[in-house]
Amino acid sequence: MSDRSWQNQSPGDLSISLPRVTPTPVGPALAGAQGAARSWAKTPLPERMALLQAVEADLAAIREELAMGIAVETGKPLTEARGELGAVLGKFALTFRDAGDYIATRTTEGGPYEAQVRHLARGPAVVIGPFNFPLHLANGAIVPHLLAGNPVLFKPSPVGAVVAARYAAVFSQHLPAGVFQLVQGGAEEGMALCQAPCVRNICFTGSVKAGQAIAKALAGDFTKDLALEMGGKNALILLDDGDPAAAARAAADGMCATAGQRCNDTSRAIIHRNHATAFTSALIEELKRYQPGDPCDAATTLGVLATRPAHQRYAAALAADAGDGWLQTGTALDSCGGRRGYYVTPAVRLWNSFDRAMQCPLIAEELFAPLLDVFVVDDEEQMLALHDAAPYGLAASIFTSSRAHFEAFGSDLRVGNLYANLPTTYSPSILPFGGCGLSGNGRPAGRGFIRFTTDEQAVQFGPGLRAC
Ligand code: NAD
């Protein structure tokens with residue numbers, strides 16, 4: 001039998017090797033979840049909540065260790081990784097509140113009999129996570145599933161396997177056997193979990209390719225509920241009455257967050273021609289704030305790409321079609337500050353004519369690196385056509401000085417997250433988060449995700465019941 005274990009290297013310092021990771025046998029994990037499902041569903045909600053509060057407290061106690069673990073293993077700058085831990089911890093209280101809003105038993109008036117709407121735990125849930133938020137995005141599905149009474153099988157990205165294991169150990173320590181299990185591995189383990197007959201819910205966050213493979217494998221199986229959170233090709237749109245300096249600041253922040261490796265990063269800027277010069281010159285100034293550096297240094301603003309293939313893809317994109325010229329030539333560096341790693345500098349490419357812009361090789365494709373295509377156009381019809389040329393619908397931000405103008409233009413954009421005068425990456429946990437088109441299938445994560453973790457049951461009390 002071949003050895004499928006692997007060992008991650010720190011992408012910010014390839015001389016650092018992390019502990020070896022071995023794939024988890026899927027069968028026993030599934031049996032454990034199945035065995036725990038009934039009693040966990042019957043555990044009263046306040047008890048489940050108390051156990052999760054204990055998990056939260058222990059995660060809070062190691063938040064800095066986890067943040068550093070993310071920085072070392074995935075190359076996310078430490079300051080951003082600390083922000084990710086803030087989101088992880090904040091999710092607990094938000095989910096406890098969401099339980100009251102979304103899954104509390106409701107009495108329904110007006111029918112012939114006393115009636116209630118109850119929410120039943122669905123059963124074992126699989127949570128598959130991506131590398132770029134190795135804890136936060138999975139945690140956003142794990143906590144609601146557990147609170148609602150579903151055992152969870154968590155399959156993290158192999159790229160963030162070590163930090164995920166540290167996070168998972170805290171859950172395993174506090175929860176009854178089988179209620180929470182870590183399944184290490186790749187596509188093979190992920191797919192085996194999704195296809196297991198006992199699994200009822202699947203929350204997948206990752207690429208369109210993998211999401212489509214899961215959806216295809218489950219086609220026709222209506223017993224499973226599948227939530228897909230996938231990629232983005234997000235646009236910042238500067239209308240003729242918008243502020244080019246503010247738009248440039250947001251574009252720089254939106255393209256450089258996590259070195260371009262966020263699903264809601266800005267990869268396209270669609271700019272009214274009147275603002276072309278002001279926007280592009282301000283953008284180049286703003287980008288000076290983003291210098292590559294050691295991800296583990298809290299002063300670093302631009303981290304590294306997480307893997308060698310991503311670094312190679314970025315280098316290839318920089319060597320491809322130059323459009324109407326590079327406003328800033330990015331680089332895929334072999335090292336920085338004496339450390340070998342997948343370092344990059346941001347790139348900005350210009351497209352000056354609408355017809356050529358529609359031919360931009362990356363207009364419909366997510367690169368996941370800090371490359372921004374700037375499209376300079378003449379009117380809002382062209383802006384809309386360019387926006388809609390990408391099959392995704394995760395986030396878009398409109399820069400305008402008029403609320404009415406925002407509403408008029410924004411009403412045509414089919415995206416899950418719409419912003420006025422903010423970066424496309426601004427997504428606080430108090431709101432739902434999801435996308436249209438290839439970005440998702442209408443079960444937004446973030447706030448309120450708990451509503452996808454139960455089945456509704458209508459209960460009616462006919463005549464002849466004693467009170468006890
Ligand atoms: P990926 O699709 O390569 O991997 C994601 C997870 O899916 C990993 O755990 C991986 O092991 C697993 N997987 C891969 N193929 C599978 C298969 N056939 N069956 C079952 N599981 C499989 O994605 P990634 O590179 O880790 O993450 C980057 C992608 O995630 C980008 O496209 C990004 O836009 C997207 N993303 C989306 C959101 C969102 O909320 N919409 C958030 C973060 C990242």
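Around the ligand, the shell is made up of 16 nonpolar, nine polar and three charged residues (Ala, Val, Leu, Ile, Met, Phe, Trp, Tyr, Cys and Pro count as nonpolar, Asp, Glu, Lys and Arg as charged, and the others, Gly among them, as polar). This is a predicted model, where local features need pLDDT of at least 70 and side-chain atom pairs pLDDT 80 or more, while totals for chains, interfaces and linings use all residues. Residues are numbered from 1 along each chain as its sequence is written, and side-chain values use heavy atoms, with hydrogens and water left out.

Now for the ligand's contacts. Serine 207 has a polar side-chain atom 2.5 Å from a ligand oxygen, a polar contact being a pair of N or O atoms within 3.5 Å.

Let's move to another spot. Glutamate 114 belongs to strand β4, residues 114–121 (strands are DSSP runs of E, at least two residues, numbered from the N terminus). Which residues is glutamate 114 in contact with, leaving aside its neighbours within four places in sequence? They are Val459, Gln460 and Phe461, where contact means heavy atoms within 4.5 Å. Glycine 462 sits 348 residues away from glutamate 114 in sequence, yet their C-alpha atoms are 7.5 Å apart in space.

Methods: A polar contact is a pair of N or O atoms within 3.5 Å; within protein, one must be able to donate a hydrogen and the other to accept it, and residues adjacent in sequence count only if both atoms are side-chain atoms. Helices (H or I, at least four residues) and strands (E, at least two) are DSSP runs, numbered from the N terminus.
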